[in-house]
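Take a look at it first, and then we can go through a few details together.

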Amino acid sequence: MKTVLSIDGGGIRGLIPALILDRIEKALGQPTCFLFDLVAGTSTGGILALALVKPRSEGGVLPAYSAGNLVGLYAERGGEIFSRSLWKGVGSAGGLLDERYPAENLESILKAYFGEMMMEEALTRVLVSAYDIEDRESYFFKSWDENQPTTYMREAARATSAAPVYFEPACIPPEAVNPGNRLALIDGGVHANNPAMCAYAESKRLWPEEEILVISLGTGEHTRPIRLEDAREWGLAGWAIPLLSVIFDGQADDVDYQLRQILSGNYVRIQGRLDVASDDMDDASPANIEALRTEARKIMRKHEGDLSILCDRLREGR
């Protein structure tokens with residue numbers, strides 16, 4: 001049996017799957033990269049996926065981070081990622097005229113976490129989604145694909161998390177390095193916010209004769225309704241952020257439905273409603289961080305049986 005882990009996008013809400021994976025790692029006494037044959041992620045899930053398979057050193061065989069380590073990325077550094085100067089806030093009109101946040105803070109944190117580590121050095125296969133806005137097609141970073149350009153993990157992490165409105169698109173390699181051969185990429189959430197189906201498709205290509213177990217981790221369901229009375233009056237400006245959340249949420253639900261029909265008992269989706277925490281991607285306030293911790297505990301209680309069975313199957317599979 002081959003095991004596949006998929007992690008949704010969701011900005012600061014990535015704290016939820018980080019906490020769930022921390023519980024799984026502690027229950028099994030092994031790091032995520034040793035429990036799964038393929039790890040996939042989009043946006044914040046892509047950052048988590050890459051960090052969980054990053055080796056501690058070049059050529060090393062031990063992971064640099066546990067899921068517990070990565071909880072700190074959200075709890076301690078989320079406020080740095082989603083911060084802007086007063087001038088930036090005014091100049092962008094809250095994200096309507098320019099990206100809401102400068103990319104420098106995010107890039108600095110990604111450099112600190114990933115350094116110069118390359119995609120091909122991943123401890124297990126990793127798949128990260130993005131979207132090429134110049135060629136107008138989906139793009140997947142694959143650590144095992146020798147036909148892809150050599151890419152730093154931090155570059156893939158920057159590209160998959162370049163959510164429209166929030167951050168400017170990523171350019172790989174930087175234009176100053178090779179202006180004639182670039183990838184212009186944005187957040188893979190615009191086509192695969194829940195990348196579990198993409199991960200499953202890749203797994204069938206890699207291991208066509210194997211039984212596949214897919215574990216899909218969400219970042220919390222949107223619960224705030226978009227009132228008809230409000231939406232009737234919206235134009236481009238009014239729909240900018242709500243439409244992005246609709247695309248992300250709707251695609252995630254579609255993939256969940258599809259995989260339930262295809263895989264049945266070999267598919268586990270760990271997801272839950274956000275009744276306490278904000279569903280905003282960028283609410284990194286201390287109060288919301290604590291609320292997200294509460295939501296994660298509630299989701300784990302709801303899926304207590306699924307998690308127990310999942311840990312048993314992962315233990316047997318190793």
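## Cysteines

Does Cys311 count as buried or exposed? Cys311 counts as buried, at 9% relative accessibility (buried is under 20% relative accessible area, exposed over 50% and partly exposed in between, with a 1.4 Å probe and protein chains only). The structure holds zero disulfides, a disulfide being a pair of cysteine sulfur atoms within 2.5 Å. Cys311 is in no disulfide, and the nearest cysteine sulfur, that of Cys33, is 16 Å away.

## About the model

This is a predicted model, in which local features need pLDDT of at least 70 and side-chain atom pairs count only at pLDDT 80 or more, while totals for chains, interfaces and linings use all residues. Residues are numbered from 1 along each chain as its sequence is written, and side-chain values use heavy atoms, with hydrogens and water left out.

## Helices α4 and α6

Helix α4 (residues 67-81) and helix α6 (residues 103-114) have axes that come within 10 Å and cross at roughly 150°. That makes α4 roughly antiparallel to α6 (angles over 145 degrees count as such).

In this pair, Leu70, Gly72, Leu73, Arg77, Glu80 and Ile81 of α4 meet Asn105, Leu106, Ile109, Ala112 and Tyr113 of α6, where contact means heavy atoms within 4.5 Å. The residues of this contact divide into seven nonpolar, two polar and two charged.

## Around Met117

Met117 sits in the loop between α6 and β3 (125-132) and is buried, with a relative accessible area of 8%. Beyond its neighbours within four places in sequence, Met117 is in contact with Lys54, Pro55, Ser57, Glu58, Tyr152 and Met153.

Key:
Axes are lines fitted to C-alpha atoms, for helices over the stretch in contact, and angles run from 0 to 180 degrees between N-to-C directions. Helices (H or I, at least four residues) and strands (E, at least two) are DSSP runs, numbered from the N terminus. Angles under 35 degrees count as roughly parallel, over 145 as roughly antiparallel, 65 to 115 as roughly perpendicular and the rest as oblique. Ala, Val, Leu, Ile, Met, Phe, Trp, Tyr, Cys and Pro count as nonpolar, Asp, Glu, Lys and Arg as charged, and the others, Gly among them, as polar.
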